[in-house]
Amino acid sequence: MRRVVVTGMGIWSCLGQDLQTVTESLKQGHSGIIFDPKRIEYGLQSGLVGSVPRPDLKPLLPRKFRATMSEDSEYAYMAARQAFEQAGISDEYLCQNEVGIIFGNDGNTHQMDVYETMKAEHNTFMLGPNAQFQSETSSVVMNLNAIFHLRGINLCIGAACASGSHAIGYAKLLINHGAQDLIIAGGSIEMNMHNTIGVDALNALSCRNDAPQSASRPFDTDRDGFVVSGGAAALVLEEYEHAVARGATILAELCGYGFSSNGIEEISMPSADAEYIAMKRALDDAGLQPSDIDYVNAHATSTIAGDIEEAKALTRLFSRKSKVESQKPYISSTKSMTGHENWMAGASEAVYSILMMQNNFVAPNINLENVIDEAKELNIVRETIYMPINTVLSNSSGMGGTNSALVFKKI
Amino acid sequence: MTQQEIQEKVNAFMTDRLEYEPSALTPEAHLKQDLGMTSLDAVETSLFIKRTFGFQPERGAIKTIGTLQELYDYIEKNS
């Protein structure tokens, strides 16, 4: 089967808007979370959010591109631009070669603005020409295809908070099987308040409004929900020989993708069994044993139920009694620093994990004071560790019952 | 509203919103061929006219207009 490698990455997140800044934030255990009082005024219980700036696209793109872009398309453009640049993919290359795009994105709240206008005006004329392009769930892949002249697979994957991970996994499958040589894959999500209302109504968000930087507490006994964040992350995925022939620098090999669905009646409940299956399937796809994994980037969002189920799955996968302590992988949830980047999380956490591999460190699971019982057998990292990382498992899970896991290794 | 006021408002819209080159905004400039007006720009221009001059252009009307001077005249006649 054809091998898949990563030759470029881009990131626009609350930890930074370039790879170097994000690397330093990860090393330092920096939290990107702030309190925004406007969220409370709007009617949310949680005023916590990742601090992610809107990019100024005017110097970068003509109006004809900017006019139809949704908020998440703007972040995705910035991430994709960085990824193509790192991969050495020029505009000329994009015009002369077939490149695909698959992004994880599970909703776009621009539709709410459309409804507001219709409610007030009762006249579609007042929507103008851009509403349709801005409010589609696939707005990101439609806009980026136009900007970058992409002519391969063009697909948006909606899979809740595993969307970004599945997008990378699907791109891998298409390259594995020879359908595409090069795909830009990633995840993106808006940062506006509308996007948060549903999960706030579910009481799934942290209400530690007076302590934003310690609010996201994966695996900690005092966690009270997740913190919303977002932006975009993008990876250039390429068939190995294609990358070598192009003279590209290979950042990592994407060697495993696993997936599963919960299949239980409680739609909001995570499932340790299903998460285990996704992670085991990713390891099998990579041809690796659990003991081969150096680091796990956990999905752990700081919710009551989610962290428990994932800890059970990780314990089952890695902490067998026969295993020696030194064979257990280091584990952290970078969501302790970023909050939950939702549709983008699987992609951003792939980027964070590869940055750790490239720079020989494990980022900490900050705010972990008292570990939950279910995670006590796991090697959860509380302070940055500097050591070579050769293999990474990045786990993702989406509310509603979708799971995805990716395995990367140094090459 | 005088034609001079119409011209000022239309030209401001075209430079600020549609980002057309100010130097290209001559009365004889063809909307599509010289200014590069797209079908989306035409819909945007219709919305601008409704908001600024108080009447809603008929469906597809802007696309049938040739030059900028014809657009000024169309607005003056209908507002």
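**Entry 1**

I began with strand β14 (residues 391–398) of chain A, which runs antiparallel to β15(A) and is joined to it by eight bridges. I keep in mind throughout that this is a predicted model.

I then asked how much of strand β15 (residues 402–409) of chain A is buried, and counted seven of its eight residues, so the strand is largely enclosed by the rest of the structure. β15(A) also pairs with β8(A), in the antiparallel sense and over eight bridges, and here A:Ser260 stands opposite A:Asn403 in β15(A).

**Entry 2: one tyrosine in β8(A)**

Is A:Tyr257 buried or exposed? I found this residue in strand β8 of chain A, and it counts as buried because 24 other C-beta atoms lie within 10 Å, where the cut-off is 20 or more. Setting aside neighbours within four places in sequence, I listed its contacts as A:Gly169, A:Lys172, A:Leu173, A:Ala282, A:Asp285 and A:Leu406. I also looked up its separation from A:Phe408, which is 151 residues in sequence but 9.4 Å in space, C-alpha to C-alpha.

**Entry 3: a helix pair in chain A**

Next I took helix α1 (residues 19–28) and helix α15 (residues 345–359) of chain A, which pack at an angle of about 80° with their axes 10 Å apart. The two helices are therefore roughly perpendicular to each other. On the α1(A) side I found A:Leu19, A:Val22, A:Thr23 and A:Leu26, and these meet A:Tyr352, A:Leu355, A:Met356 and A:Asn359 in α15(A). I sorted the residues of this contact into six nonpolar, two polar and no charged.

**Entry 4: chain B**

In chain B I looked at helix α2 (residues 39–53), whose 15 residues reach 21 Å from first C-alpha to last, close to the 21 Å expected at 1.5 Å a residue. Its buried residues are B:Asp41, B:Val43, B:Glu44, B:Thr45, B:Ser46, B:Phe48 and B:Ile49, and I found them packing against α1 (3–16) and α3 (68–78) of chain B. The helix is followed by B:Gly54, with a positive phi near 80°.

In the loop between α2 and α3 of chain B I came to B:Arg59, which counts as exposed because it has 10 C-beta neighbours inside 10 Å. B:Arg59 lies 13 residues from B:Ser46 in sequence and 8.8 Å from it in space, C-alpha to C-alpha.

Last, I turned to the contact between the chains, where nine residues of chain B touch seven residues of chain A. On the chain B side I noted four nonpolar, two polar and three charged residues.

How values were computed:
Residues are numbered from 1 along each chain as its sequence is written. Chains are lettered from A and ligands numbered from 1 in the order in which they are written. This is a predicted model: local features need pLDDT of at least 70, side-chain atom pairs count only at pLDDT 80 or more; totals for chains, interfaces and linings use all residues. Helices (H or I, at least four residues) and strands (E, at least two) are DSSP runs, numbered from the N terminus. The expected span of a helix is 1.5 Å times one less than its number of residues. A residue is buried if 20 or more other C-beta atoms lie within 10 Å of its own, exposed if 12 or fewer, and partly exposed in between; C-beta atoms are placed from the backbone. Two residues are in contact if their C-beta atoms, placed from the backbone, lie within 7 Å. Ala, Val, Leu, Ile, Met, Phe, Trp, Tyr, Cys and Pro count as nonpolar, Asp, Glu, Lys and Arg as charged, and the others, Gly among them, as polar. Axes are lines fitted to C-alpha atoms, for helices over the stretch in contact, and angles run from 0 to 180 degrees between N-to-C directions. Angles under 35 degrees count as roughly parallel, over 145 as roughly antiparallel, 65 to 115 as roughly perpendicular and the rest as oblique. Two strands pair if DSSP finds at least two bridges between them.
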